[in-house]
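Welcome! Please take a moment with the sequence and the 3D view below, and then we can walk through them together.

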Amino acid sequence: MKRVRSALVTALLLAAPLASAAGKDSIVSGDPWPRIRKERIQKLLPQAMARANVDAWVVLCRENDNDPLAIHVGGENAGGTAAFLFLRQGDTVRSLALSPVSEATALREVAPLDEVISVERGQDLYAQIAARLAAAKPARIAINASTSVTVADGLSSSQRAALEKALSPALRKKLVSSEDVVSEWLSVKLPEEVDILRKAAALTAQLQVEAYATVVPGKTRDSDVAKFLKKRMAELGVGDAWAPDQNPAVNSGPLRGHSHATEKVIQPGDFIQTDFGIRVGHLWVTDIQRFAYVLAPGQKEVPKDALEKWEKGRQGNRVALAALKPGASGWDVDKAQRVWMNEAGSEPMNMFGTGHPVGYWAHDVGPALSGGAKDKPKQGQSTRIIRTGQVFAFDGFFAWKEGPDAMRVLSVEEMAVVTETGAEYLIPPQEDLVLIPSPGTPGQQNPVAPAPR
């Protein structure tokens with residue numbers, strides 16, 4: 001077993017001023033999204049529609065209760081109901097919007113589309129959609145109605161009723177869920193987006209180490225660590241990757257699942273888990289965990305049994321990375337780690353899957369790295385195929401019982417991008433625990449963090 005090697009956190013945080021001085025827009029300068037969005041529609045949507053075997057895709061946007069995908073198709077500023085149509089033509093996609101005349105001028109100036117057509121007040125939008133679809137003669141028409149992909153379920157019941165009423169019986173029979181199109185399209189990120197996520201991931205991990213530098217065993221609460229991170233987020237102008245009340249999730253006690261940080265006081269012998277994500281450019285998000293261990297007074301290294309648990313969790317993450325490759329399914333990745341957990345002597349971890357896509361949401365669309373713990377055939381989102389350009393957040397698990405009712409788990413979570421030959425971490429993964437000495441430890445007045453291996 002390798003010994004934990006460490007260096008003073010203050011030395012590690014020499015890079016911290018880079019984050020402190022960066023301020024707002026330190027990761028994403030200006031507004032690259034309009035350009036990136038247009039490139040995504042032109043380059044990635046045709047292959048997504050082909051993989052989903054879809055010839056047309058209809059997205060309806062409106063004010064106050066907009067479709068979750070509005071920002072991805074150019075409909076985020078919709079007032080009156082507008083229709084966004086994507087028609088596959090060979091290896092390309094023709095994109096057009098049927099927009100209320102009152103908004104068409106502005107939409108033409110900013111929309112990432114080939115054409116914007118004005119719909120005069122009083123004209124029947126749905127009849128115009130039907131006419132366009134009839135002329136295109138699609139075999140399959142995708143609409144945003146899904147029972148399994150939430151962001152592909154933005155079409156309201158009244159909108160669907162109006163659309164189906166306008167369509168001919170033949171076209172109505174061709175309606176299918178857009179869940180496959182949406183999953184295939186949004187799960188793949190452009191190289192420029194991966195670069196944004198890489199920089200955001202580095203900042204996420206750095207802030208977690210900064211937070212651990214503030215811990216005083218016997219005084220600092222889990223909620224204090226969370227408050228420090230919230231303060232740093234505000235200073236840097238970054239947002240929450242998921243529900244603000246549960247980001248970050250700091251836990252130095254038994255397994256709580258997705259949760260807020262509590263008032264528990266951090267004590268010697270505790271593992272501290274921080275599950276944390278930031279949002280940059282108002283769009284791209286991260287999801288990374290970093291772990292610390294609180295040394296008892298006089299201790300200078302992690303006890304053997306605790307270190308073994310950490311090493312097994314860390315290795316589980318590496319096993320998952322090795323299984324993450326183009327052509328595999330999400331189930332395959334989860335199963336590989338479940339086999340490792342069993343070999344390593346871990347308690348079963350049925351509460352969570354190994355991982356998930358990450359990018360526009362912390363739990364993004366695409367292949368779910370799950371399902372392998374169940375004695376059932378592959379099913380659901382775990383059957384989706386992993387593709388180059390997808391980005392995942394995934395855990396290495398090691399779980400053990402602590403008393404009759406409590407479960408402890410190390411969920412070593414990293415982010416990685418799928419390449420043509422496998423997958424690579426976005427940033428260097430955590431190899432060793434951040435060590436937090438207790439007051440009275442000779443020669444160590446500050447928390448210590450791992451030096452690079």
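## Contacts and cores

Two residues are in contact when they have heavy atoms within 4.5 Å. Leaving aside neighbours within four places in sequence, F84 touches W57, V58, V59, C61, V73, G74, G75, L96, A97, L107 and L113. This is a predicted model, in which local features need pLDDT of at least 70 and side-chain atom pairs count only at pLDDT 80 or more, while totals for chains, interfaces and linings use all residues. Residues are numbered from 1 along each chain as its sequence is written, and side-chain values use heavy atoms, with hydrogens and water left out.

F84 also has a place among the residues with the most contacts inside the largest nonpolar core, together with W57, F86 and W284. That core has 80 residues. A nonpolar core is a set of buried Ala, Val, Leu, Ile, Met, Phe, Trp, Tyr and Cys residues joined through side-chain atoms within 4.5 Å; buried means under 20% relative accessible area, exposed over 50%, and partly exposed in between (1.4 Å probe, protein chains only). A second, separate core has 23 residues, including A83, I141, A145 and L175.

## The largest pocket

How much space lies in the largest pocket? About 870 Å³. A pocket is an open set of points on a 1 Å grid over the protein atoms alone, where a 1.4 Å probe fits, with protein on both sides within 12 Å along at least five of seven lines; lining residues have an atom within 4 Å of a point. The volume is the space filled by probe spheres set on the points, which are joined across faces, edges and corners.

The lining has 40 residues, and the closest to the pocket's centre are H258, D287, F352, H356 and H363.

## A helix and its end

Helix α11 covers residues 222–236; helices are DSSP runs of H or I with at least four residues, strands are runs of E with at least two, and both are numbered from the N terminus. From first C-alpha to last, α11 reaches 22 Å, close to the 21 Å expected at 1.5 Å a residue (1.5 Å times one less than its number of residues). Its buried residues are D222, S223, V225, A226, L229, R232, M233 and L236. Just after α11, G237 takes a positive phi of about 70°.

## Backbone details in loops

A cis peptide bond, with omega about 0°, joins N247 and P248. P248 sits in the loop between β8 (239–240) and β9.

N53 is not a glycine, yet has a positive phi of about 55°. N53 is partly exposed, at 45% relative accessibility.
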